Amino acid sequence: MAANPTGRAAGSHQANSLIGNCLPAGPPAPRLGNSPKSDIEIAVKFISTRGRAPSLSFADTVLTGLASDGGLYVPETLPQFSGDEIRAMAGLDYRELAFRIIQPFASGDVADDDLRGIIDRAYSNFRHPAVAPLVQSGPNEWVLELFQGPTLAFKDFALQFLGQLFDHLLKERNERVVVMGATSGDTGSAAIEGCRHCDNIDIFILHPHNRVSEVQRRQMTTVLSDNVFNIALEGNFDDCQNMVKASFADQSFLPDGRRLVAVNSINWARIMAQIVYYFYAALNLGAPDRTVNFSVPTGNFGDIFAGYLARKMGLPIDQLVIATNANDILHRCISDNDHSPRELVHSLSPSMDIMVSSNFERLLFDLYRRDGEAVASLLADRSAPMQLDPDVLQRAREVFSSCRVDDARTVEVIREVFQSTGYLLDPHTAIGVEAARRTRHSAVQPMVCLATAHPAKFPEAVARALPTHKIELPPHMADLFERAERYKVLPNDLGRVHDFMATAL
Ligand SMILES: Cc1ncc(COP(=O)(O)O)c(C=O)c1O
Ligand SMILES: N[C@@H](CCOP(=O)(O)O)C(=O)O
């Protein structure tokens, strides 16, 4: 594999038409210039996917969880970039690009200088100078290494940023909040790492007991700061996520008028920060004069939804591949319009062991032409598995392909890629690579496979693929297995979790 330290890839650029005019009907979107501006006056408002909650400002959206109608917040308008504007971003470093992408969303509530500071601090402790380096993995196939942050997963991109943003907004408001999140393994440690130094935050993370890798658990439970609380729930990830959502709906268990803030990808800021690396990768591969496609290991649908938004903002993307493990509800939905829930299985890619994908609702809202009532009724009818209208499914298939990769094949892919190139994939990334190879439409357009985690987080899968291969944690985690742990095992019982939280606070 050709590692590319600058993150800029070589390749012949070919002209491609830009995806034009794909914004939903609505108020005009802010237009952007080629240089940073501080004078954009249109503050983006955020509305609920179920259409019945009040709209919020950027800051209020960041400091909340679900909308009061149970929906998820999305921007009322999306900033849009022309081909020339995207071309002018070529060569920007990651931080400057992040500023250009995020500023239009945040400008109503965060001054430009403050936003630059937040972004600089967020990406200052990534291990690679390119922040998100590209590595060539095959003919016109690239791996985008999103695991160079402190906790070795793509979650650091959004959660290092979100921790800094929380800190800024909460200090401004002089408010102390309770952050509550669910994790199948990676969000938890990234959220803790992002928030542990925030004076105005107590953070509670629920993970499924015995269902995350030992490295993942220790990354969370060895943080012994007074404001960090880990709960091992006797259930699966969906139980953890349900509990978090139920807690947002009734926060009366919290003492002293405190309120909950979300750290999962139900929080809009998580998605927003992830849009940046789609632009970064595509620009480095020749966009906007070249169409670039992405394969995304998918669980809660946050990461791939960020790619969908990048496309809507003007980035030329033809194909987004939803790569799932055996928990394949999203693959079945796209391929067969089968959205029936099945028993969650414990796989070698545990971070994607998810059946209820929160952000799919944001996609539905868009596909149903931003009709909140339609989304609310689609999701409210629990009598039968959800069925998408044929035209909606058709629109989804114009962008999304999907593929399911089971554990046996995941192990083979890790082995095959290592033996042919010397590059070690983590099991989630292996699923993305395999899905890309099985579904890609074009050999000419680059295919970028998002490498969502470092293989050292999943030694079990690596050992199955390569029994004699020794894999080491990076130096800052070398003593992880000697560190003391602290966490509380609790039954899958909302009242017990709330009692624990109220007592801890
Ligand atoms: C390593 C890894 N890959 C892929 C995913 C799936 O991402 P998303 O939930 O945004 O679909 C996750 C968890 O979210 C993850 O931790
Ligand atoms: N795979 C995630 C699950 C939570 O997803 P999120 O993106 O909504 O936080 C994890 O590793 O915890």
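Trainee: Which helix gives the largest share of the shell around ligand 2?
Mentor: H6, with three residues. Helices here are DSSP runs of H or I with at least four residues, strands are E runs of at least two, and both are numbered from the N terminus.

Trainee: What kind of model is this?
Mentor: A predicted one: local features need pLDDT of at least 70, side-chain atom pairs count only at pLDDT 80 or more, and totals for chains, interfaces and linings use all residues. Residues are numbered from 1 along each chain as its sequence is written, while chains are lettered from A and ligands numbered from 1 in the order in which they are written.

Trainee: Back to ligand 2. How many residues surround it?
Mentor: 13, and the closest are Thr183, Asp186, Thr187, Asn264 and Ser265. A residue counts as near if its C-beta atom, placed from the backbone, lies within 6 Å of the molecule.

Trainee: What classes are in the shell around ligand 2?
Mentor: Twelve polar, one charged and no nonpolar. Ala, Val, Leu, Ile, Met, Phe, Trp, Tyr, Cys and Pro count as nonpolar, Asp, Glu, Lys and Arg as charged, and the others, Gly among them, as polar.

Trainee: And what surrounds ligand 1?
Mentor: 15 residues, the closest being Asp186, Asn300, Gly302, Ser351 and Thr452. By class, the shell around ligand 1 has five nonpolar, eight polar and two charged residues.

Trainee: Which strands does H6 lie across?
Mentor: H6 (residues 186–195) lies across S6 (177–182), S7 (201–208) and S8. H6 runs at about 170° to S7. Angles are taken between N-to-C directions, from 0 to 180 degrees, with axes fitted to C-alpha atoms, for helices over the stretch in contact.

Trainee: What is the strand order in that open sheet?
Mentor: S9-S6-S7-S8-S14, with parallel pairing. Two strands pair if DSSP finds at least two bridges between them. S9 (260–262) and S14 (488–491) are the edge strands.

Trainee: How many bridges join S8 to S14?
Mentor: Four. Leucine 233 stands opposite leucine 490 in S14.

Trainee: New topic. How do H3 and H9 cross?
Mentor: The axes of H3 (residues 94–106) and H9 (residues 268–284) come within 9 Å and cross at roughly 130°. H3 and H9 are therefore oblique to each other. Under 35 degrees is roughly parallel, over 145 roughly antiparallel, 65 to 115 roughly perpendicular, and the rest oblique.

Trainee: Which H3 residues meet H9?
Mentor: Tyr94, Leu97, Ala98, Ile101, Ile102 and Phe105, against Met272, Ala273, Ile275, Val276, Phe279 and Tyr280 in H9. Contact means C-beta atoms, placed from the backbone, within 7 Å. The contact of H3 with H9 has twelve nonpolar, no polar and no charged residues.

Definitions and conventions
Contact = placed C-beta atoms within 7 Å.
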